Amino acid sequence: DLHRVDRRQRQMCIRDSMADELKAAPPLDGVVVIDFTRVLAGPWASMALADLGAKVIKVEHPKTGDDTRGYDVLKDRQGESAYFLSTNRNKESLALDIADDAGKAVIKRLVAKADIVVENFRADVMERQGLGYADLAAINPGLIYCSITGYGHSSPNKMMAGYDPIAQAESGMMWMTGEADGLPLRTGVSYADMFTGMYATQAMLAALRARDRDGTGQHIDVALLDCATSAVVNYAQLGLLTGNSPKRYGGDHPFIEPLGLYECSDGLISLVCGNERQWEKLCKDGLERPDLLDDPKLAVAATRVANRQYCRDTLGAALKTNTRDYWVPKLRAAGLPVGAVRDVVEALNAAEFRARDMIATTTHPRLGEIEQVGSPMKLSRTPVAEPVAPPLLGQHSRDALAFAGYDADEIEALISSGVVTEDTN
């Protein structure tokens, strides 16, 4: 027996060693991104590219940097912003005045070596600076240029700035969020921005693939409102089919019951019974209340939806008799989708989250060792890049200029003139 165990262990070690040897560089290793984005949608997209191994040079205003450097500043964290830290991992910061001709010249030299430019200014800003798609594609025909705006370059509202709360309001996303008898609500997380960042990432990866095939770059036009409206998914489709806007259901579902939040003796759980088989398991094995299967008001999903409050009161009375830690494993053992409603810190410290290597530890120039939420992209052969802490403003200015081809004297001249700034901590 010991021999067999030892042999299995040796085999596992050999497999692990072979797997390590087969691992290659991150998927986007060698791809260069010039990133003009700030706040959330754009930085979220460029961070995904950076996680996948791209060299992302974040171009920031030399005095203020990304707007989020000034958000939720933590006094006990040397003035660093949690918001900025959350969306700028694995990037290099170039603090550069692009309104200055010398600054424009730096960008054009960088673009000659770049694969992607991504920006989220209002639709006219980059063109006015002489840094629009046509200007930069003339330097680098293979350039992929992604513009993220509130309404899109072909919209009559193209000159209006885009903000997540407005996109949620105008897209129907907000209409579908909130209690049935309450006001529409913005989601607690800026999901319109998040969806836009994800769509922008998809589009840039697709454009890289198309360039590999066709040899030319292209302009990508991604709008906050478009992405937010697409995220309304089945409710949008229902509206197109019927001409009617669905109503809000809060934590409920129009066709499924039970689905939603239930109180235990010490907190909330989220429970779903998506079919009659699960309902039977809930009654028999989960709650040990087989008598509920004989109740005509609870017979099938349609009758449970029609008698929603009665169903919720009946289940709620049973679930309040014990704790979350009692009910979650018991209901899961019965084969039911259920989970505790965790606060943010609980979620971050959950064993199943940590087991996925979802907490990245990085060393920040000012804060020292910090934990961050890592990349959820798990690739077996070409894993994401090792996490590097978000940069200080201008931390990599000299490196970026050297990459663009400037010599030491030219770099000193740009820094002395104030066109470029640096933070060496």
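Reader: Does H2 pass H8 in a left-handed or a right-handed crossing?

Author: A crossing is right-handed if the near helix is turned clockwise from the far one by less than a right angle, and left-handed if anticlockwise. H2 passes H8 in a right-handed crossing. This is a predicted model: local features need pLDDT of at least 70, side-chain atom pairs pLDDT 80 or more, while totals for chains, interfaces and linings use all residues. Residues are numbered from 1 along each chain, and side-chain values use heavy atoms, without hydrogens or water.

Reader: At what angle do H2 and H8 pack?

Author: Helices are DSSP runs (H or I, at least four residues), as strands are (E, at least two). Helix H2 (residues 41-51) meets helix H8 (residues 191-214) at about 45 degrees, with the axes 8 Å apart.

Reader: Which residues make the contact?

Author: Contact means heavy atoms within 4.5 Å. H2 contributes Ala-41, Trp-44, Ala-45, Ala-48 and Leu-49, and the residues from H8 include Met-194, Gly-197, Thr-201 and Leu-205. The contact of H2 with H8 divides into 10 nonpolar, 3 polar and 1 charged residues.

Reader: Which residues lie nearest the centre of the largest pocket?

Author: Of its 47 lining residues, Trp-44, Ser-86, Leu-348, Gln-372 and Val-373 lie nearest the centre of the largest pocket. H8 gives the largest share of that lining, 7 residues. H2, helix H3 (82-87) and strand E11 (368-373) are among the elements giving two or more. The lining of the largest pocket holds 27 nonpolar, 11 polar and 9 charged residues.

Methods: Axes are lines fitted to C-alpha atoms, for helices over the stretch in contact, and angles run from 0 to 180 degrees between N-to-C directions. Ala, Val, Leu, Ile, Met, Phe, Trp, Tyr, Cys and Pro count as nonpolar, Asp, Glu, Lys and Arg as charged, and the others, Gly among them, as polar. On a 1 Å grid over the protein atoms alone, a cavity is a set of points where a 1.4 Å probe fits but cannot get out, and a pocket is an open set with protein on both sides within 12 Å along at least five of seven lines; lining residues have an atom within 4 Å of a point.
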